[in-house]
Amino acid sequence: MQSFIDRFIECFCVPKAQSSLSSMKQKIVMKVQLNSEKCRTKALKIAAKTKGVSKVSIEVDKGQVEVIGNGVDAVCLAKLLKNKLGFATIVVVEEVKKEKEEKPAVPIPWISSYLHYPQYHAYYDGFYGY
């Protein structure tokens with residue numbers, strides 16, 4: 001039997017839009033301190049272990065970690081990175097749009113004006129027309 005508090009949390013504290021966010025592919029860009037190779041490795045490991053992450057990349061010159069995945073909790077990821085690396089802020093959270101694939105050009109079938117007829121030998125009165 002559930003307690004009153006458990007039912008209250010299920011009804012009011014869990015947002016209903018969470019299910020739609022989990023099906024949506026997100027791109028999260030976070031600014032992180034990337035002073036050394038060790039910091040970069042930690043950031044990659046933490047981001048890769050997070051639930052729902054499908055791709056992680058680092059832009060060292062900008063000091064940013066880019067995470068792409070389904071239903072990734074950006075706030076939770078920022079807290080994890082902040083605890084391990086000392087500084088982390090969310091720069092951008094946006095939906096990943098599917099790139100429209102260009103269909104290859106299909107050649108138009110072309111029929112030549114010159115039709116090829118098979119060559120048959122003419123047959124006249126029992127003789128071949130050679």
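This is a predicted model: local features need pLDDT of at least 70, side-chain atom pairs count only at pLDDT 80 or more; totals for chains, interfaces and linings use all residues.

Biologist: What makes R40 and E37 a salt bridge?

Modeller: Their side chains meet at 2.9 Å, N to O. The cut-off is within 4 Å, so the pair counts.

Biologist: Why is E37 called exposed?

Modeller: Its relative accessible area is 52%, and exposed means over 50%. R40, at 22%, is partly exposed, because that label covers the range between 20% and 50%.

Biologist: How do you know that E94 forms a salt bridge with K27?

Modeller: The closest N and O atoms are 3.9 Å apart, and the limit is 4 Å, so that one gets in too. This pair links distant parts of the chain: E94 is in strand β4 and K27 in strand β1, 67 residues apart.

Biologist: And what joins strand β1 to β4?

Modeller: Seven bridges, with the strands running antiparallel. Two strands pair if there are at least two bridges, so β1 and β4 qualify. M30 stands opposite I90 in β4.

Biologist: Why does β4 stand at the edge?

Modeller: The open sheet goes β2-β3-β1-β4. β2 and β4 each have a single partner strand, so one side of each is left without a neighbour in the sheet.

Note on methods. Residues are numbered from 1 along each chain as its sequence is written. Side-chain values use heavy atoms; hydrogens and water are left out. Helices (H or I, at least four residues) and strands (E, at least two) are DSSP runs, numbered from the N terminus. Buried means under 20% relative accessible area, exposed over 50%, partly exposed in between (1.4 Å probe, protein chains only).
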